[in-house]
Amino acid sequence: MDTFTLFIILLAIPLLTALAAFTCQLLGTPRAVLTAVHSVGSTLLLLVSLFAVWTVYQQGELLAGHNWLHLDGLSSLFLAILGVIGFITGIYSIGYMNHELEEGEVSLKSLGTYYGFFHLFLFTMLLVITSNNLILMWAAIEATTLSSAFLVGLYGQQSSLEAAWKYIIICTVGVAFGLYGTVLVYANAANVMPNPGDAIFWSEVLKHASLLDSSLMHLAFIFVLIGFGTKTGLFPMHAWLPDAHSEAPSPTSALLSAVLLNCALLVIIRYAILISAAIGPEFPQGLLLVFGLLSVAVAAFLILVQRDMKRLLAYSSVENMGLIAVALGIGGPLGIFAAMLHTLNHSLGKTLLFCGSGNVLLKYGTRDMNAVKGLLRVAPLSGALFAGGALALGGMPPFNLFLSEFMTVTAGIRAGHLWLVLLLLALLTIVLAGLVRMIVMSVLGKQPDNVSKGELGWQTTAPLAVLMVLMVLMGTHIPQPLQQLLKQATTIVLNGDQAGISELHALEQQLPGATNGAEKTALNTVLNTATNTASHSSAQEMSRE
Amino acid sequence: METIALATMLLPFIGALLIALSPQRYAKVLCTAFALLATLGMGWLALSYLGSGKTDVTIPLYSFGHTQIFGFVIDRVSTLIGFAVVSLGFLISLYSCGYLTALNREHPHDGSNRYYALLLIFIGAMAGLTLSSTILGQLLFFEITGGCSWGLIGYYQSPKSLRSALKALIVTHIASVGLYLAAAWLFAKTGTFELTAIAQLSDADKLVVFGGILFAAWGKSAQLPLHMWLPDAMEAPTPVSAYLHAASMVKVGVYIFARAIMSSDTVPHQIGVVGVVMATITMVYGFLMYLPQKDMKRLLAYSTIAQLSYIFLALSMSTFNSEMAFDAGVAYIFNHAYAKSLFFLVAGALSYACGTRMLPKLRGMLKSMPLLGIGFCVAAMAIAGVPPFNGFFSKFPLFAAGFSLTGEHWWLMPLLIVALIESVASFAWLLMWFGRTVPGEPSPELASAQPLPLSMKLVLLVLIVMSLVSSVIAANWLN
Amino acid sequence: MTGTLLVNNLAGLMIVTSMMVIAARKPTVSAGLYALQSLVLVGIFLSLASLFDAHELYMWSISAFITKVVLVPLIMYRAFRKMADPKADGGVLSTAVLIMIAAIIVLISYFATKPVQLPMLTDLKPVLAVSLGHFLIGLLCIVSQRNILKQVFGYCLMENGAHLTLALLAYKAPELVEIGIATDSIFAVIIMALMARRIYRTMNTLDVQKLISLKG
């Protein structure tokens with residue numbers, strides 16, 4: 001199959017599923033048909049995205065559609081997250097929404113809307129990940145807001161509409177900043193590049209990054225970070241996040257937190273690579289460090305005082321995104337690797353918890369932790385998984401988040417940020433306290449009289465169990481292909497940082513016979529590409545002088 | 001050897017998973033069986049170590065790239081302490097089978113799957129921690145024990161116990177920051193997590209790594225200023241207190257400190273001085289806090305704090321190149337584990353039989369429940385360090401090593417005298433309570449006491465014997 | 001030289017019209033004023049096109065005329081006509097204060113764009129400053145207005161500012177880029193209008209200060 005076809009199939013699946021769901025809604029077909037359309041769409045998306053990731057893994061970078069579409073090691077990591085989390089939340093949605101339908105919380109018509117926008121949302125996020133066109137990247141981020149706003153306001157209550165409005169206004173405005181940053185980069189690139197037509201493609205601009213104007217790039221990164229940072233949920237632009245996450249249906253909350261925030265983060269990383277190549281990494285890294293640390297600090301204290309379970313989880317997303325930003329800000333191969341790993345780990349953990357909170361909502365009809373008591377007795381399996389997930393999110397071993405948090409700490413020490421690391425560890429302790437408080441309040445204790453005992457069926461518990469298994473696996477032994485994927489992503493972010501790449505390379509060389517031929521070739525390809533790019537740009541720098 | 005070690009560490013985790021999946025009535029049987037298997041595994045490991053002529057081995061187990069993430073170290077210290085924590089885990093789970101039943105007068109309650117599963121995970125984590133050859137492995141199990149202790153201390157789910165559990169978790173987690181720092185620092189400077197790499201560090205780096213480890217150790221071993229979680233943690237079911245707060249969790253701190261000292265040929269003097277001074281201060285504080293206590297468990301908690309200070313004292317002194325002090329410290333960990341568990345389990349047996357553990361209400365133990373009377377007596381003597389009980393054989397070399405060091409380090413003298421006074425005073429205080437509670441006519445509570453189940457009696461008996469002979473085992477094993 | 005003078009003056013006019021959009025009490029009037037501003041923008045495009053002799057910019061001005069002068073104001077006018085909440089009209093700041101803040105913003109933008117060194121821009125520096133300032137004034141509109149419909153206009157103003165920057169710096173960009181941005185903003189306006197209508201129907205208010213059930 002040629003690359004372009006792969007991209008088209010990948011993008012067409014969610015789009016067609018969305019159209020099919022909307023058609024079903026218009027025709028008024030029964031629930032079973034709608035569910036079938038949704039399940040088929042989710043499953044196909046999982047398979048094709050994993051296939052695409054595998055292709056990148058084997059062949060290296062993919063470019064298609066006159067440079068418009070692009071997948072490399074970095075974006076395929078995010079694509080893998082999208083495929084897996086999309087599938088898991090998709091399965092969970094069936095159980096969850098059926099239950100809501102039977103309770104009369106939503107009508108069959110809104111169920112069609114839900115499934116339609118669910119896949120449309122996935123499509124827009126897919127577009128963000130695969131886009132190589134800077135303007136399209138921005139437009140796709142904007143489109144994610146528009147497509148998910150209806151999911152947030154699905155219940156149509158006063159509070160959910162309010163959340164949707166805040167979401168749409170804050171994010172569109174934020175992303176308008178992103179547009180401004182995009183325009184600055186694009187305009188500057190178009191002026192200085194030999195072929196202005198190529199100035200719109202990320203991969204092309206990167207090759208000529210050293211020609212860009214320094215002061216404009218400083219300005220551009222500020223705009224980009226504020227703009228897409230709004231979407232990533234970095235403090236102080238995070239105001240929409242707790243509202244939207246808490247009011248959305250739980251599977252949507254999971255999707256927002258585990259995939260959407262990452263997509264926006266991916267765009268920030270793309271610009272950080274570009275602008276670091278133009279003006280050196282100090283400025284982008286410094287900004288990321290400051291915003292990240294502030295996010296962690298503010299979110300840690302807000303986690304501690306929340307009464308609403310889903311708001312608490314939403315602040316935890318702010319905290320984790322901040323942590324990733326800090327890891328990126330620390331930089332170096334270890335810091336970036338930690339950031340990549342944490343992105344993946346956080347997605348798994350947060351999906352588990354948001355789906356778990358969905359079970360709580362279905363059981364108790366509220367998210368108020370003062371009313372939700374004794375989940376462990378009401379639904380032992382959900383309760384145990386929820387508690388385990390919360391501990392994992394607090395950074396307890398043997399779960400995966402411990403590993404990436406520890407790596408961040410190590411990277412920080414290595415880079416000489418001793419006080420920053422101590423502060424970070426203190427803040428993470430506060431976060432742990434907040435999460436344990438949530439377990440104590442909701443999972444433990446006596447069950448209230450008006451809540452019946454028992455689980456809600458496999459569709460709402462199996463996804464949680466699968467996630468838990470994945471988290472323990474990722475915490476104890478990261479599978480070899482995934483390690484390679486993470487390394488490829490790291491190499492791309494390092495972009496030509498010779499010292500960093502050779503450090504990573506050294507790490508790779510030391511692998512005791514674990515890498516077989518194919519993997520090694522793939523990695524070497526990536527390494528070589530990166531090295532070539534680096535020498536290319538340095539050569540240009542010289543010629544300019 | 002690798003297989004045995006791996007099995008010993010993993011069996012409890014597998015057992016915990018099984019318990020989580022099986023119905024409640026099998027939980028206690030499964031827990032005891034798997035704990036027994038782990039104990040046998042640890043015994044086998046120790047024997048094969050002995051059989052190999054006591055040659056120390058390090059087995060790398062799991063690496064990322066060239067960096068060793070986890071491995072086992074099998075030497076005289078790890079096998080000794082590993083055996084103590086796992087075998088006590090088995091004894092505690094056996095004891096729990098009798099204790100956590102509806103017949104219990106203080107807490108009539110059948111032990112749930114959660115209890116037994118967490119206990120097993122704890123045993124597994126302790127086995128892993130003692131055998132770990134990397135600081136990352138230590139950190140991993142350090143955190144797991146913290147998480148389990150939270151679940152076990154808050155087991156009864158009363159608001160007070162949950163608060164205490166959270167306190168224990170948070171305080172030990174703050175302490176773990178030290179270990180995080182030490183691990184990251186070690187990796188940043190040497191590119192490895194292996195504990196033996198500490199020896200390669202420069203003095204300034206050593207100061208950071210040891211400082212971090214000492215801080216973490218203080219937190220887990222409930223030393224000033226991170227001691228406040230331990231007395232509150234007495235809300236836990238008594239077998240849990242016995243295991244966590246006498247045998248295992250509090251020993252994590254001193255063990256990682258001992259392991260770090262072993263791995264490094266020289267230790268910065270500042271660490272030794274700070275360790276000695278803080279140990280003496282904590283010791284005095286622990287003793288002063290004995291005085292107002294009426295609840296037997298709270299008394300034992302403060303006694304544990306003071307006893308752990310002795311271990312810190314011994315280990316810190318060993319940094320001044322005193323092999324004897326080091327051996328005394330390690331033997332102290334071993335001996336104290338058995339003696340203090342006995343003491344806690346006697347307290348538990350009193351709760352079970354009489355429904356109270358308030359000392360003023362207990363009188364005439366020897367007459368109504370001779371086993372408990374003897375157990376109380378043995379435990380008190382062992383803790384106070386009266387020969388021929390095991391406490392004596394770890395306290396004596398401690399002081400001997402300390403006084404021989406005073407020639408070089410005169411400032412140790414006053415501190416050692418303070419420790420000696422504390423030792424005598426705590427003996428006197430324990431004797432006072434012994435006199436009030438053990439002899440004489442039974443108080444109403446003891447007169448109406450119900451008989452103990454066989455499993456609890458058996459465990460008490462084993463521990464009484466161990467309180468006598470453990471020092472012999474330790475001394476022979478270490479030399 | 002007259003070309004640059006014309007462009008600079010038109011850019012000044014952009015700021016004036018944007019202040020009018022903010023100050024107008026009724027959303028429907030704002031829609032009309034927004035159309036007027038977009039007309040000015042199209043004028044700038046045309047004069048830039050003749051100045052740089054850029055063929056692409058003529059195409060831009062046509063598409064901008066269709067989307068910004070006709071479509072978006074029409075959509076907003078039709079959607080907002082049916083909604084009215086007199087209590088929400090007006091802002092939290094008086095018009096005089098708004099104008100002062102706007103002046104400060106333009107000044108700051110001037111200094112922020114000063115270090116930019118691009119050959120074609122020597123005479124057009126003020127326009128670049130205005131385009132950045134215009135963008136920020138849009139943000140000012142969003143934070144200072146109580147009526148949620150006025151917040152939509154704020155977004156449109158920001159979008160116009162970004163557009164002007166694009167035209168100034170990358171007038172050689174393919175038509176597709178400009179159409180992409182314009183289409184996206186039309187969709188954004190439609191979705192926002194739909195959402196505003198749902199809010200109006202459910203809560204019977206357009207006052208952002210009444211949307212306070214979520215906090216913390």
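**Chain B against chain A.** I began with the contact between these two chains, which takes 21 residues from chain B and 24 residues from chain A. On the chain B side, helix H5 (135–153) and helix H6 (159–190) each supply at least two residues. I noted that H6(B) gives the most to this side, with twelve residues. By class, the chain B side divides into 14 nonpolar, six polar and one charged. I am working from a predicted model, and I keep that in mind for each entry below.

**Chain A against chain C.** I then turned to the contact of chain A with chain C, which takes 37 residues from chain A and 38 residues from chain C. Helix H5 (134–152), helix H6 (158–192) and helix H8 (214–232) of chain A each supply at least two residues of the chain A side. H6(A) gives the most there, with 20 residues. I found the residues of that side to be 23 nonpolar, nine polar and five charged.

**Two domains in chain B.** I looked up how chain B is divided and found domain 1 (1–267) and domain 2 (268–479). Their C-alpha centres lie 21 Å apart. The contact between them takes 44 residues from domain 1 of chain B and 49 residues from domain 2 of chain B. On the domain 1 side, at least two residues each come from helix H3 (76–99), helix H7 (203–220), helix H8 (229–232), helix H9 (238–247) and helix H10 (249–263) of chain B. H3(B) gives the most to that side, with twelve residues. I sorted the domain 1 side by class and got 29 nonpolar, nine polar and six charged residues.

I also checked the UniProt record for chain B. An unreviewed entry carries the annotation "domain: NADH:quinone oxidoreductase/Mrp antiporter transmembrane" over residues 136–415 of chain B. In the model, that span is 76% helix and 0% strand, and its end C-alpha atoms lie 34 Å apart.

**Helix H2 of chain B.** Helix H2 (residues 24–51) of chain B has 28 residues. Which residues of H2(B) are buried? I listed B:Ala27, B:Lys28, B:Cys31, B:Thr32, B:Phe34, B:Ala35, B:Ala38, B:Thr39, B:Gly41, B:Met42, B:Leu45 and B:Tyr49. What covers the buried residues includes helix H1 (2–21), strand E2 (67–74), H3 and helix H4 (113–131) of chain B. Just after H2(B), I noted that B:Gly53 takes a positive phi of about 75°.

**The strands that follow.** Strand E1 (residues 57–64) of chain B pairs with E2(B) in the antiparallel sense over seven bridges. One of the pairs I traced joins B:Val57 to its bridge partner B:Ile74 in E2(B). Seven of the eight residues of E2(B) are buried, so E2(B) is largely enclosed by the rest of the structure.

**A loop in chain A.** I looked at the loop between strand E1 (62–64) and strand E2 (69–71) of chain A, where A:His66 has its place. Is A:His66 buried or exposed? It counts as exposed, because it has 11 C-beta neighbours inside 10 Å and the cut-off for exposed is 12 or fewer. A:His66 and A:Phe4 are 62 residues apart in sequence and 9.5 Å apart in space, C-alpha to C-alpha. A:Asn67 lies in the loop between E1 and E2 of chain A. Its phi is near 70°, a positive value in a residue other than glycine. With 16 other C-beta atoms within 10 Å, A:Asn67 is partly exposed.

B:Gln157 has a positive phi of about 60° although it is not a glycine. I placed B:Gln157 in the loop between H5 and H6 of chain B. It counts as partly exposed, with 15 C-beta neighbours inside 10 Å.

**Cis peptide bonds.** I recorded a cis bond from A:Pro397 to A:Pro398, with omega near 5°. A:Pro398 is found in the loop between helix H15 (380–393) and helix H16 (400–414) of chain A. In chain B, the bond from B:Leu224 to B:Pro225 is cis, with omega near 0°. B:Pro225 lies in the loop between H7 and H8 of chain B.

Notes: Residues numbered from 1 in each chain as written. Chains lettered and ligands numbered in written order. Predicted model: local features only at pLDDT ≥ 70, side-chain atom pairs only at ≥ 80, totals over all residues. Contact = placed C-beta atoms within 7 Å. Helix = DSSP H or I, 4+ residues; strand = E, 2+ residues; numbered from the N terminus. Nonpolar A, V, L, I, M, F, W, Y, C, P; charged D, E, K, R; others polar. UniProt positions renumbered as here; feature names shortened; annotations may be inferred. Domains from an automatic or database assignment. Expected span 1.5 Å × (residues − 1). Buried ≥ 20, exposed ≤ 12 C-beta atoms within 10 Å, placed from the backbone. Pairing = 2+ DSSP bridges.
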